[in-house]
Amino acid sequence: MTDVPGLDRAGLSAWLTRAHPELAPHSDTALTAEVIAGGRSNLTYRVDGASLPLVLRRPPLGHVLSSAHDMRREHRVISALGASDVPVPATVDVVDDTDRGEVTGTTFFVMERVEGTVLSRPEQNADFTATGLHRLGLTLAGTLADLHRVDPADVGLADFGRPDGYLARQLTTWRRQYDASRSRELPALDELQERLTTHVPDSGRTGIVHGDYRLDNVLVAGTPQDPTIAAVLDWEMATLGDPLVDLGLLGLYWDIRSLSAGAVAASAVVPDVGYPTFDELVDTYAARTGTTPPDLWWYRAFAAYKLAVILEGIHYRYRAGETVGEGFDTIGDLVAPLAADGLARAAARPRST
């Protein structure tokens, strides 16, 4: 039995003692673990009592078989980036525990814990100066540029994805998700889907795509005047593809409070506290990558479409009585504003595209 959902502490202690004796706790009872993030995504545990503070990641409870593959992919990309300019935790090991059932009964991986704060709520901004928040925003953009400057082949990730046709496959995937979640008429979202399909851009370059790059997926450390990014987290959607998808998604989340101030659109980025504008982030990104600031209309519109489809899927499950907890009754309210935002960006596109 385990006293932590999805994790057996005694089994973890035994595995550490056997596989990584340099990290082994003094006794089974010395090891503690608690869930620090989880839900629909992979579960993350804080582990204390080993010789180093650790983090363990596993698929969500009731996972499907493909989630085991996600663990190996996530471990692989973090390990590969360890020697790059992208700040990531140091990995320890990845283990298929499906048959043995000693620790999680799934594939899991362990990494060293990086100390820092996830900045996700406006009230946390009070811990930083306005100058510090401005620097943090530009650092976030510069770190994304550093990721996209990494040559996948140089870090052993040449076969990490299929960059050819990446954008078209993304549209196919999210169209399929949308079709599986239809429960009401959403003509604006249908129109946005058509606009995106008609104007798929030619990807100019290939890079490592994080897949969910935003402020609340990094750990912030440093001082109030000079915060730093200690680690980039949540690599479960990483692949090879068009890196501007990451920049478009960052833009969506950077400005999302302009669409809704509700819980669904929670973000620490608010006006008038020091954060740079998204245009400043784009300029920083372009300077760091040595490129011209890109026209992001398609990528911003696609980010809006993708999040709208995700939220519509949650709304569909809420209507079917398949969600547990509070807040799901309003989660579909952001779908229409997202579709409208995507259409506005499509309408503003240069006529030559």
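Q: Which way does H6 pass H7, in a left-handed or a right-handed crossing?
A: A crossing is left-handed if the near helix is turned anticlockwise from the far one by less than a right angle, and right-handed if clockwise. H6 passes H7 in a right-handed crossing. Helices here are DSSP runs of H or I, at least four residues, and strands are E runs of at least two, numbered from the N terminus. This is a predicted model: local features need pLDDT of at least 70, side-chain atom pairs need 80 or more, and totals for chains, interfaces and linings use all residues. Numbering starts from 1 along each chain as its sequence is written, and side-chain values use heavy atoms, without hydrogens or water.

Q: At what angle do H6 and H7 pack?
A: Axes are lines fitted to C-alpha atoms, for helices over the stretch in contact, and angles run from 0 to 180 degrees between N-to-C directions. H6 (residues 244-254) and H7 (residues 278-289) pack at about 155 degrees, with axes 10 Å apart. The pair is therefore roughly antiparallel (over 145 degrees; under 35 is roughly parallel, 65 to 115 roughly perpendicular, the rest oblique).

Q: Which residues of H6 and H7 meet?
A: Contact means heavy atoms within 4.5 Å. From H6 come Leu-244, Leu-247, Leu-250, Gly-251 and Trp-254; from H7 come Phe-278, Leu-281 and Tyr-285. They divide into 7 nonpolar, 1 polar and no charged. Nonpolar covers Ala, Val, Leu, Ile, Met, Phe, Trp, Tyr, Cys and Pro; charged covers Asp, Glu, Lys and Arg; the others, Gly among them, are polar.

Q: How do H8 and H9 pack?
A: H8 (residues 297-319) and H9 (residues 335-347) pack at about 165 degrees, with axes 8 Å apart. That makes H8 roughly antiparallel to H9. Their crossing is left-handed. The contact residues divide into 9 nonpolar, 1 polar and 4 charged.

Q: Which residues of the largest nonpolar core touch the most other members?
A: In soluble globular proteins, nonpolar side chains tend to be buried together. A nonpolar core is a set of buried Ala, Val, Leu, Ile, Met, Phe, Trp, Tyr and Cys residues joined through side-chain atoms within 4.5 Å. Buried means under 20% relative accessible area, exposed over 50%, partly exposed in between (1.4 Å probe, protein chains only). The largest core has 80 residues; Leu-215 and Leu-250 are among those touching the most other members. H8 gives the most to this core, with 13 residues.

Q: Is Leu-61 buried or exposed?
A: Leu-61 is exposed, at 53% relative accessible area. Leu-61 sits in the loop between E3 (54-58) and H2 (66-80).
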